[in-house]
Amino acid sequence: QVHVVESGGGLVQPGGSLRLSCAASGSTFSILSMGWYRQAPGKQRESVASILSNGNANYADSVRGRFTISRDNGESTVYLQMNTLEPEDTAVYYCNAAVRSTVSGRINTYWGQGTQVTVSS
C-alpha cells in the first residue's frame with residue numbers, strides 16, 4: 001500500500017505564487033512517475049504536470065512557463081512551483097503516483113486527497 005499526501009494549497013492573489021508538495025510513502029515499491037492534476041468546479045480533472053523516473057517533465061499548455069515540477073533526490077517527493085497564478089488556476093490539485101511493486105511487479109496508481117488552490121483578489 002502506498003500513501004500519497006499533498007500539502008501547500010491556499011489562497012493567493014492573482015500574480016502570486018504557491019508551492020505544492022506531494023509525498024509518497026509505503027514499502028516495496030519503485031516510483032515510475034508522479035504528477036499533478038487539478039479539477040475546477042464543474043470541470044473534468046485535467047493533467048497539469050508530471051515527472052518520470054528519468055527526470056523528464058511534461059506540462060499542460062496552460063501552465064507551461066509558469067509552473068515547474070521537481071522532485072527530491074529520494075524521488076518520493078515532488079513539488080509544484082506555481083508562479084504568476086491566474087484565477088483560472090483555481091481548483092483542487094491532486095497528486096498521482098504510478099508505482100511498481102518490487103514484490104509482484106504489478107503497476108498501480110495512487111491518488112492523494114487533494115489540496116485547494118484559490119486565486120482571487
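Biologist: Is Cys22 buried or exposed?

Modeller: Buried means under 20% relative accessible area, exposed over 50%, and partly exposed in between, with a 1.4 Å probe and protein chains only. Cys22 has 0% relative accessibility, so Cys22 counts as buried. Cys95 is also buried, at 0%. This is a predicted model, where local features need pLDDT of at least 70, side-chain atom pairs count only at pLDDT 80 or more, and totals for chains, interfaces and linings use all residues. Residues are numbered from 1 along each chain as its sequence is written, and side-chain values use heavy atoms, with hydrogens and water left out.

Biologist: Which residues form a disulfide?

Modeller: A disulfide is a pair of cysteine sulfur atoms within 2.5 Å. Cys22 and Cys95 form one, with the sulfur atoms 2.0 Å apart. The torsion about their S-S bond is about -85°, so the disulfide is left-handed. Cys22 lies in strand 3 (residues 18-26) and Cys95 in strand 9 (residues 91-101), so the pair ties together parts 73 residues apart in sequence. Strands are DSSP runs of E, at least two residues, numbered from the N terminus.

Biologist: How many cavities of 30 Å³ or more does the structure hold?

Modeller: A cavity is a set of points, on a 1 Å grid over the protein atoms alone, where a 1.4 Å probe fits but cannot get out; lining residues have an atom within 4 Å of a point. The structure holds 1 such cavity of 30 Å³ or more.

Biologist: Which strand gives the most to the lining of the largest cavity?

Modeller: Strand 4 does, with 4 residues. The lining includes Ile31, Met34, Arg71 and Glu75.

Terms used: On a 1 Å grid over the protein atoms alone, a cavity is a set of points where a 1.4 Å probe fits but cannot get out, and a pocket is an open set with protein on both sides within 12 Å along at least five of seven lines; lining residues have an atom within 4 Å of a point. Grid points are joined across faces, edges and corners, and a volume is the space filled by probe spheres set on the points.
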